[in-house]
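Dear colleague,

Please find below the structure I am handing over to you, with its sequence.

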Amino acid sequence: MGIATINPATGETLQSFEPLTEAEIEAKLDLAEKAFVDYRKTTIRQRAEWMNEAARILERDREDFAKIMTLEMGKPIKAAIAEVEKCALVCRYYAQQAAQFLADVPVATDASQSFVRYEPLGAILAVMPWNFPFWQVFRFAAPALMAGNVGLLKHASNVPQSALAIEEIIKQAGFPPGVFQTLLVGSDRVAAIIADDRVKAATLTGSEAAGASLAAAAGKHIKKTVLELGGSDPYIVLESADLEAAVSTGVAARMLNNGQSCIAAKRFILQEAIADEFEKRFLAKFQALKIGDPMNPDTDLGPLATPDILQDLDRLVQQSLEKGAKVLTGGKPLSDRPGNFYPATILTDFAPGSPAESEEFFGPVALLFRVKDIDEAIARANAIPFGLGASAWTTVEKERDRLISELEAGAVFINSLVKSDPRLPFGGIKRSGYGRELGVQGIHEFVNIKTVWVK
């Protein structure tokens with residue numbers, strides 16, 4: 001894929017960029033290494049001042065940044081504005097909390113003094129996806145920079161203007177030159193960058209294939225990685241649930257970011273006693289969604305980010321139908337307009353071997369399953385290679401406790417949709433990846449946890 005902004009609502013190429021040359025990459029890596037020498041010595045208080053200024057810039061120019069995201073990957077403009085505001089939130093959170101998170105931790109031993117110290121590693125490579133072009137980057141950058149590391153961003157090739165805008169925000173906030181740089185390169189250059197001794201660790205949010213490739217490249221050089229990969233999150237609704245709340249929240253959980261979110265609800269697992277009523281209400285709300293121009297504040301569902309994503313999604317839908325699944329609404333790309341539009345779609349009645357049992361449907365497609373009880377619901381939820389998030393709806397305490405304990409996921413949300421929050425660790429298990437972002441755990445992923453013993 002070329003490095004370019006292509007409006008997914010129209011198919012128009014708005015701007016193209018030349019990838020960096022080998023000499024330009026070398027210069028940026030050299031600058032990052034030199035910047036780290038001095039930046040690691042800055043006080044946390046000084047870093048916090050710069051990070052708070054980044055938050056102020058984000059909030060001041062939120063609409064301009066939101067328009068960039070919408071033009072590049074089709075996010076509805078209201079959601080894009082909210083994403084920029086969330087980036088400001090994570091900047092302020094780590095500006096406020098970093099001193100506490102990174103403070104020496106005394107430990108009583110037979111030494112005169114012993115403690116744990118957290119020290120930065122150096123240049124961290126972040127390979128980031130297009131679906132949350134600002135949020136995914138800032139939830140890496142805020143803790144990494146507050147810890148004293150420097151950042152190198154290899155963003156998705158279809159959101160180059162977002163990548164450059166983020167670099168400019170960090171620069172305008174006052175961070176020294178080289179502390180955060182965007183690398184406009186293709187994925188074919190990532191392995192060589194990881195291999196460079198000046199790069200100390202890497203983090204990736206993206207597909208399983210991309211994660212496996214990055215982990216293999218980093219492993220060859222014994223470098224730490226954090227991976228946040230795909231998900232096919234279950235959304236369990238049991239008989240005792242507040243049905244209207246479960247339905248309304250379920251629609252929002254599936255349509256988040258035009259359905260293109262790793263933590264979007266994808267598999268709706270319904271207890272038989274409420275399944276008919278849930279399906280009826282859910283279908284009505286899907287059919288009422290407004291699909292169209294993502295720049296229009298009234299739009300509920302915009303285009304998918306690229307033609308390839310649309311084709312992959314439709315392939316899974318058609319394979320499901322060929323194996324006997326039933327479509328309640330949608331089910332085919334919209335051909336009456338330009339752009340990558342796919343309608344809100346509901347599939348049900350899956351046969352064994354259906355893609356719904358093992359694949360991630362990355363787009364506005366909901367998969368409905370029926371189960372007789374909580375035992376079957378948990379078994380169905382866990383019968384997937386992924387383990388990112390899980391949402392479950394019940395008002396029965398014993399059911400709640402079982403769901404929390406037995407669902408195989410990095411996060412379990414009861415009576416709510418799954419979401420990321422700066423205060424809580426975020427990440428998955430199984431093929432959804434490893435390591436954690438956000439919370440205190442997120443800032444500790446890319447530090448040297450140094451043991452100090454003094455006699």
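Predicted model: local features only at pLDDT ≥ 70, side-chain atom pairs only at ≥ 80, totals over all residues.

I begin with T345, which belongs to strand β13, residues 345-348. Its relative accessibility is 0%, and T345 therefore counts as buried, the cut-off being under 20%. Setting aside residues up to four places away in sequence, T345 touches F286, V327, T329, G330, G331, P364, V365 and A366.

The next item is helix α6, which runs over residues 160-172 and has 13 residues. From first C-alpha to last, α6 reaches 18 Å, close to the expected 18 Å at 1.5 Å a residue. Buried residues in α6 are P160, S162, A163, A165, I166, E167, I169 and I170. After α6 comes G174, with a positive phi near 110 degrees.

Lastly, how do helices α2 and α5 lie relative to each other? The axes of α2 (residues 44-60) and α5 (residues 135-146) come within 9 Å and cross at roughly 155 degrees. Angles over 145 degrees count as roughly antiparallel, and α2 and α5 are therefore described in that way. Their crossing is right-handed. On the α2 side, the contact is made by I44, R47, A48, M51 and L58, and on the α5 side by F138, A141, A142, L145 and M146.

Yours sincerely

Methods
Residues numbered from 1 in each chain as written. Heavy atoms only, no water. Helix = DSSP H or I, 4+ residues; strand = E, 2+ residues; numbered from the N terminus. Buried < 20%, exposed > 50% of the residue type's maximum accessible area, 1.4 Å probe, protein only. Contact = heavy atoms within 4.5 Å. Expected span 1.5 Å × (residues − 1). Axes fitted to C-alpha atoms, helices over the stretch in contact; angles between N-to-C directions. Parallel < 35°, antiparallel > 145°, perpendicular 65-115°, else oblique. Left-handed = near helix turned anticlockwise from the far one by under 90°.
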